[in-house]
Amino acid sequence: MKIGLLGQFGSGNSGNDGSLEAMLNFLRKARPDAELLCFCSNPSEIQSRYDVRSFGISSPPSPSRWFRRINGIFANLPHRFFAIQFLAAQLGGLDLLIIPGTGILDDYQESPMGWPFVIYRWCIAAKLRRVRVAFVSVGAGPIDHPLSRWLFRHAARSADYRSFRDGFSRRYIEALGVDVSQDREFPDIAFRLPLPAERDDPERNHFTIGVGVMNYRGWSKIHADATAIYRTYIGKIAAFVLSLIRQGFKVRLLTGDIRDRKAVDDVLDVLKEDETDDLLCNVSAACGETLHSLMEEILQTDMVVVSRYHNVVCALKTGRPVISIGYAQKNEDLLASFLQSRYCQHIETFDVETLTLQFQDVLANYEEVRRQIADTNARFEQQLAEQEQLLLQSLLR
């Protein structure tokens with residue numbers, strides 16, 4: 001059996017790569033005889049890290065001067081559509097194309113001719129080659145651009161198997177005109193990643209808060225207020241961190257994407273302007289390049305305040321209480337499933353005073369919150385095991 005995996009892998013986003021890793025772990029155990037291929041953003045990185053043959057998502061440029069001239073006149077559209085033929089060749093001999101996890105069916109920081117078109121053309125090419133397509137525990141919506149909605153609608157309709165990681169995603173795709181009556185909801189597949197071993201640290205005698213920072217500049221890639229949104233967010237995060245260290249807490253700054261390192265640096269710059277070195281020694285920065293390393297970092301904290309979806313996933317997976325400052329419904333739905341919906345705010349409108357009250361509420365109910373998270377983790381494990389059996393029976397025979 002020959003199986004391809006498609007996604008925005010190797011681009012520096014630990015959540016995307018963690019979803020790929022979880023699916024690779026499952027497939028290698030379920031079908032050790034299968035040939036696995038990956039089609040992704042950075043094939044050399046993925047091939048090196050996960051030992052899977054990997055290829056780029058686009059066709060090479062045409063050597064024809066005439067074609068390049070026509071392609072330039074029509075803003076690269078001829079190349080994009082002729083690429084479907086190239087993709088059909090890439091899919092030769094494939095039995096199954098899996099899109100594993102991630103929020104692949106939204107247009108956060110994407111133009112229609114970016115990943116919405118990538119997903120569309122790969123799905124169409126797969127159908128031309130009679131390759132089955134599976135969207136497994138994917139996230140969907142919001143999708144702002146009408147063309148992106150059209151592309152995602154037709155990509156989703158092409159699938160032989162679809163499951164969604166939350167009810168919002170399933171309802172969103174249904175509202176686009178896709179029949180989801182046979183589709184199921186299963187948790188994000190990153191919850192199937194193995195937990196790192198928790199290390200004893202005799203020197204950790206302070207309550208430590210993980211604060212996930214994000215290079216957030218609005219939903220749209222060309223948001224008119226991008227700089228103002230970012231500066232406001234950084235200022236609020238820095239103010240919250242200052243309040244924590246002044247109360248005697250230790251703070252560990254966390255990331256989820258390579259682009260978030262700038263946000264870490266900018267938060268630290270604000271802190272240096274307002275506080276002395278004596279208190280700043282209680283702030284450290286971590287770089288979670290993979291979900292495994294991110295979970296290792298979170299295990300050195302007692303609770304977290306984060307924005308990125310897979311930072312929330314990792315915190316819950318490790319049993320840590322979470323406050324979400326999210327940029328989409330997915331964070332709120334995930335925390336609601338863990339009975340933690342009262343600990344959510346939106347990244348563009350969150351209030352530091354409200355955040356402080358939420359933080360105090362977590363502390364007051366700390367053990368009960370941890371129990372609720374542990375109970376839901378056990379349920380998620382059972383649900384994901386059920387999906388794996390379903391995949392074995394319907395697609396991997």
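Helices (H or I, at least four residues) and strands (E, at least two) are DSSP runs, numbered from the N terminus. The model is predicted, so local features need pLDDT of at least 70 and side-chain atom pairs count only at pLDDT 80 or more, whereas totals for chains, interfaces and linings use all residues. Residues are numbered from 1 along each chain as its sequence is written, and side-chain values use heavy atoms, with hydrogens and water left out.

**Stop 1**

On a 1 Å grid over the protein atoms alone, a pocket is an open set of points with protein on both sides within 12 Å along at least five of seven lines, while a cavity is a set where a 1.4 Å probe fits but cannot get out; lining residues have an atom within 4 Å of a point. Grid points are joined across faces, edges and corners, and a volume is the space filled by probe spheres set on the points.

Select Gln8, Asn13, Asn16, Tyr108 and Arg259: of the 26 residues that line the largest pocket, these are the closest to its centre. The largest pocket holds about 560 Å³ of space. Helix H1 (14-30), helix H5 (115-128) and helix H12 (309-317) each supply at least two residues of its lining. For the classes, Ala, Val, Leu, Ile, Met, Phe, Trp, Tyr, Cys and Pro count as nonpolar, Asp, Glu, Lys and Arg as charged, and the others, Gly among them, as polar. On that basis the lining of the largest pocket comprises seven nonpolar, 12 polar and seven charged residues.

Next, select Ala22, Asn25, Phe26, Arg192 and Glu388, the closest to the centre among the 17 residues that line the second largest pocket. The volume of the second largest pocket is about 280 Å³. Which helix gives the most to this lining? Helix H15 (366-394) does, with seven residues. H1 also supplies at least two residues of the lining. By class, the lining of the second largest pocket has 10 nonpolar, three polar and four charged residues.

**Stop 2: the cavity and Arg165**

A search of the whole structure finds one cavity of 30 Å³ or more, and the largest cavity has a volume of about 30 Å³. To display its lining, select Asp106, Gly139, Ala140, Gly141, Arg165, Asp166, Phe168, Ser169 and Lys330. Two of these lining residues are nonpolar, three polar and four charged.

Centre the view on Arg165, in the loop between strand E6 (161-164) and helix H7 (167-175). Is Arg165 buried or exposed? Its relative accessibility is 9%, so Arg165 counts as buried (buried means under 20% relative accessible area, exposed over 50%, partly exposed in between, with a 1.4 Å probe and protein chains only). Contact means heavy atoms within 4.5 Å. Leaving aside residues up to four places away in sequence, Arg165 touches residues including Thr102, Ser137, Asp188, Tyr309 and Lys330.

Move to Thr102, in the loop between strand E4 (96-100) and H5. Thr102 is buried, with a relative accessible area of 6%. Its contacts beyond four places in sequence include Phe9, Asn16, Ser19 and Arg165.

**Stop 3**

Select helix H9 (residues 260-274), whose 15 residues reach 22 Å from the first C-alpha to the last, close to the 21 Å expected at 1.5 Å a residue (the expected span is 1.5 Å times one less than the number of residues). Colour Asp260, Ala263, Val264, Asp266, Val267 and Leu271, which are buried. Viewed down the axis of H9, the buried residues fall within an arc of 165 degrees, so they line one face of the helix; the arc is that of the directions from the helix axis to the C-beta atoms. Exposed residues Lys272 and Glu273 lie on the face turned away from the buried side of H9.

Finally, select Leu355, Gln358, Phe359 and Val362, the buried residues of H14. Down the axis of H14, the buried residues fall within an arc of 100 degrees, so they line one face of the helix. The face of H14 turned away from its buried side carries the exposed residues Glu353, Leu357 and Ala364.
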